Amino acid sequence: MSKHPRYVDTEKCIACGLCAEKCPKKVDDEYNEELSKRKAIYIPYPQAVPQKYAIDSDNCLYLKSGKCRACEKFCPAGAINFEDKPETLSLDVGAIVLSPGFTTFDPTGIRTWGYGEFKNVITSMEMERLLSASGPTEGHLIRPADKKEVKRIAFIQCVGSRDLNKSHNGYCSSVCCTYAIKQAMMAKDHVKDLEASIFFMDMRTHGKEFERYYERAKGLGIDFKRCRVHSLEPVKETEDIYFRYIDDRGKQIETQYDMVVLSVGLCTPPSAMELAYHAGVELNEDRFVEFSSFDPVGTSRPGVFSCGAFSGPKDIPQTVMEASAAAADATRLLRSARNSLTRTREFPPELPIDAEPRIGVFICHCGTNIAGVVDVEKVAEYARTLPNVVHVGRNLFTCSQDTQDTIKNIIKEKGLNRVVVAACTPRTHEPLFRETLKAAGLNEYLFDMANIRNQDSWVHAGQPEMATLKAMDLVRMSVAKVGLLSALPGIAVPVNQTGLVIGGGIAGMVSALELADHGFNVFLVEKSNVLGGQARHLYRTWKGEPVEPALHELDARVRSNPLITLCLDSTVAAAEGFVGNFKSTIVGPKASRVVEHGTAIIATGAQGYVPEGEYLFGSSSRVFTAIEFDKLNMMGDRRMKEAKNYVFIQCVGSRCQERMYCSRVCCTHSVQAALELKEKNPDGEVFILYRDMRTYGRREELYRKAREKGVVFINYEAHQKPVVRAVEPRRMEVEVWDHILHEPLRILTDIVVLATAVIPNPATAELADIYKLPIDADGFLQEAHAKLRPVDFAADGIFMAGLAHCPKPVDEAVAQAKAAAGRAISVLSSTSINLEATKATVVEANCDGCAMCLDVCPYKAISLVSVQGTAGKLNSRVEVNLAQCKGCGVCQATCPKDGIFVAGFSLEQISAQVDAALAG
Amino acid sequence: MSFEPKIIGFTCNWCSYAAADLAGVSRMQYPPNVRLVRVMCSGMVHPKVVARAFEKGADAVLVMG
Amino acid sequence: MEWNMSEQVKGSVLIAGGGIAGMQAALDAANSGFYVYLVERRAAIGGKMAQLDKTFPTNDCAM
């Protein structure tokens, strides 16, 4: 491994920026897609980690021509070191994970789009920077050519994707449809009355919640045009972009836009190809890492794993899942060396707290998320006038690493003993700021957050003045509360190093095996008497790998693993506890048992939608669901053998009012089945009636092959569904509107296959109730964060995998199952865990042992004890079991004598907030 | 001048407070008359606090959980 | 015997690439008791996601 010289000592650099100010050399800033300049000594971006300067040796005047050294002269910390040399390091490691990511397709020089030639044609990556508050235009949507505000914008999809003519990329990049929707939406947010159009072939919003997002975009007036744009031309005087396209009525339209965004695809960068070469890992013809559906983060070389876009274009949640999966797989091999090389983090000792509160208030702009609506300067001015406030600061992004250092320093310099951050929401960011307090030697509970984004700027976007007043109220409330907070000691509880996995489908089996292979005991609970779940109905993956043998192997490995206790015909009927210490009641065929475990993984799968009454399903013996079709076709059913013509109808039960989501797997399945039918009988006719063909990623290859082989694809719209009629005893007529001929098309067919939706398993909702987990609007499990925590719940210690989360193919379910296990392992590998200190506390002077709180405590955390009172009398009072107490405070609301309170939420503290709220 | 009520809302960290956050994520718009107080469970809201809110001038109190 | 085992197997992982994938993998491996070398070509971690303005479908800030 070679380490490039940075020429800046990161130990000494204080990131003051003086060096960059004095550096005479301006360079195109790659972070802003070269739309702005930076210096030759720079920090890549404001939130960069580490927050330390580096010298770009390709552009530094001194390193190039031997003259300058201005940075060295002005650096107050003496951090510049031109003697820095490249180092070659040799590391001895147990395993390797490759995550070099992607680069976007470079459309330069391709005449069709004129990128690089016409200034107002930009790539989506450049658009991303233009929209950003920290970007070159501070989020103002202006054209590169003349800084004119953009009023009409077009997005051209599939630039460098699904295109073997102008690029070498036949695959679909999977993310561009949804990112174009996002950019169009954000652009409309920036420029009122903006006209935005997206020109696409198939709208591929196949991810969780993406379909609803697409509908929302339509509702906002974003114009979606299904067509291929031929070539872009500049309008000489105005530098607008002119082009022609054929609309859905077959008419040629000429149009003009202020700016055109090319939705560029994802490709493997040359540096990553080099990395693959050095690591001895094979890449496929599309230059992605080749993998098996049953080993989605494995590579051709044992001990080397890959995750993210290196193994194919994918979105962030899938990337994050694969990352957790790769960590789990890589460390599985090293489990005997667990904790052999790690160190634990030390925090400085806590400072004593003076009686008088000294409060610091930090107000976040969140780019324009808050500052675009709320007058943050006014809020800051106001905060200064509040009692006990000794410091007020504003930050573009309070969550950035450099701001943490700033807060830490200010706490020390100004002797702050209470901190308020007015920003997004404590539900996502409180842990980060608490760490900062700890690092400054302050107890982490001397902190409060005012929610001025999620519950203010975002919900009152149209009323900036009212939102500003509300922000001031919220800050006042937080300041009032924080002054009353006291330092709370940490609580640690032991972790039961056993895992529980619910659901014995592919995801559940893979999770259980991963945990067991890491050396942990696992209970695997399956409702039916067999393992395999929905995968038992599948006969091959999209890559053509047979499913059954893989399933058999998993089944055998689960049954023979001594660490896995398999509970078939069993369900979980009740559960209690918290991370590290759960107790679940498993009801089996003969008896029920209570098992203790530290983590749980919910992998309860999904079901197929039954299209009763739709398209003659149920009344014709020749209309099947895709799963029925596969089975009969494989068994050589007479109806299939005799058939010549087949019609596949897509989106049956998906992407409709009742189920506003895409089932993700059906397009690929139909294309694969059609291709096989066509290969078997080239004279037969196979039709696929679809709304948007969603063969995302490298599945696009199947779609291209199917078209080559003569499978006929006909697009239909949701309001004009195909109609199936029985016309002859064994044949049906399918009528669909033909968008090319502009007349109804009638197809005579022997077989109709319905690509039916994946729907949630009702058992998932029951379990969610037992473990108090959230379910989304479609009935699937709700993850803690759509992008960054795709296998976690908001509640610690419980994770999800497979179809219970949302529809997905085998490879993605396996990746998520390994990820869920990996996340569970990060809990199970410690023997103890630190708990929130927000717990019920007994006020001994007030508690007279009336025990009313005992009955109402939902966690049975309170017990009655006798204590030696005055004059030799025995007194009763209550006692709280801190591990069982959840800090819900029902006891506090029930106690008639103020004898018990929840630390951080006492009556006094809540009352102070109420008073402050109404004092404005 | 139309009447603008002052509303105090007690919201549970695990459900209604999270829902209020989600309303923001979904960019739902609502009148800015409510001030939310985050609690760890709606069950911890003592009747005394509700009475106090009215005493201090709240026109309405919401307890959500 | 146990000591010999850990002599053979190194309790460390090298992660090449400090984007969102590499960062998550590093966090998980480290939290599971393994020493991580996170290697990034550029002067800061964050990768492509750090260049994104918002993320779909929640329009949350990518930072």
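The questions and answers below concern a predicted model with chains A, B and C.

Reader: What ipTM does the model score?
Author: This is a predicted model, and two overall scores come with it. The pTM is 0.83, and the ipTM is 0.98.

Reader: Which strand of chain B has the highest confidence?
Author: Chain B averages a pLDDT of 92, and 98% of its residues score at least 70. Within the chain, confidence is lowest in helix H1 (residues 16-25), at a mean of 87. The highest mean, 97, belongs to strand E2 (residues 34-39).

Reader: What pattern does chain B follow along the sequence?
Author: Chain B holds 2 helices and 3 strands. Its C-alpha trace spans about 35 × 35 × 10 Å along the principal axes. Read along the sequence, the pattern is β-α-β-α-β.

Reader: Where in chain C does pLDDT stay under 50?
Author: The mean pLDDT of chain C is 85, and 87% of its residues reach 70 or more. Where pLDDT is low, the predicted coordinates should not be read in detail. One stretch of chain C has 4 contacts beyond four places in sequence and a pLDDT that stays under 50: residues 1-6.

Reader: How much area is buried between chain C and chain A?
Author: The size of an interface is often given as the accessible area lost when the parts come together. Here the contact takes 78 residues from chain A and 46 residues from chain C. Carbon and sulfur atoms give 65% of the buried area, which is about 5300 Å².

Reader: Which residues of chain C lose the most area to chain A?
Author: Three residues head the list on the chain C side, and together they give 14% of what that side buries. They are C:Gln51, C:Phe56 and C:Pro57.

Reader: Is the peptide bond from C:Phe56 to C:Pro57 cis or trans?
Author: Most residues other than glycine have a negative phi, and most peptide bonds are trans. C:Pro57 is found in the loop between strand E3 (54-55) and strand E4 (60-61) of chain C. The bond from C:Phe56 to C:Pro57 has omega near -5°, and the bond is cis.

Reader: What is the phi of A:Arg664 near?
Author: A:Arg664 is found in the loop between strand E33 (646-652) and H18 of chain A. Its phi is positive, in a residue other than glycine. The value is near 65°.

Reader: Is H16(A) roughly parallel or roughly antiparallel to H18(A)?
Author: Two packed helices are described by the angle between their axes and the distance between the axes. Helix H16 (residues 626-635) and helix H18 (residues 666-680) of chain A have axes 11 Å apart and pack at an angle of about 30°. Angles under 35 degrees count as roughly parallel. That angle therefore makes H16(A) and H18(A) roughly parallel.

Reader: How many residues in the contact of H16(A) with H18(A) are nonpolar?
Author: H16(A) brings A:Ala626, A:Phe629, A:Asp630 and A:Asn633, while H18(A) brings A:His669, A:Ala673, A:Leu677 and A:Lys680. The crossing of the two helices is left-handed. By class, the contact residues divide into 2 charged, 2 polar and 4 nonpolar.

Reader: Is H5(A) oblique or roughly parallel to H6(A)?
Author: Helix H5 (residues 176-190) and helix H6 (residues 210-219) of chain A have axes 10 Å apart, at an angle of about 40°. The cut-off for roughly parallel is under 35 degrees. With an angle of about 40°, H5(A) is therefore oblique to H6(A).

Reader: What is the handedness of the crossing of H5(A) and H6(A)?
Author: The contact involves A:Thr178, A:Ile181, A:Lys182 and A:Met185 of H5(A), and A:Phe210, A:Tyr213, A:Tyr214, A:Arg216 and A:Ala217 of H6(A). These residues divide into 6 nonpolar, 1 polar and 2 charged. The crossing is left-handed.

Reader: Which residues of H2(B) meet H24(A)?
Author: The axes of helix H24 (residues 907-917) of chain A and helix H2 (residues 47-55) of chain B come within 10 Å and cross at roughly 20°. That makes H24(A) roughly parallel to H2(B), and the crossing is right-handed. From H24(A) come A:Leu907, A:Ile910, A:Ser911, A:Val914 and A:Asp915. In H2(B) they meet B:Lys48, B:Val49, B:Arg52 and B:Ala53.

Definitions and conventions
Residues numbered from 1 in each chain as written. Chains lettered and ligands numbered in written order. Predicted model: local features only at pLDDT ≥ 70, side-chain atom pairs only at ≥ 80, totals over all residues. Heavy atoms only, no water. Axes fitted to C-alpha atoms, helices over the stretch in contact; angles between N-to-C directions. Helix = DSSP H or I, 4+ residues; strand = E, 2+ residues; numbered from the N terminus. Parallel < 35°, antiparallel > 145°, perpendicular 65-115°, else oblique. Left-handed = near helix turned anticlockwise from the far one by under 90°. Contact = heavy atoms within 4.5 Å. Nonpolar A, V, L, I, M, F, W, Y, C, P; charged D, E, K, R; others polar. pLDDT = per-residue confidence, 0-100. Buried area = accessible area lost by both parts, 1.4 Å probe.
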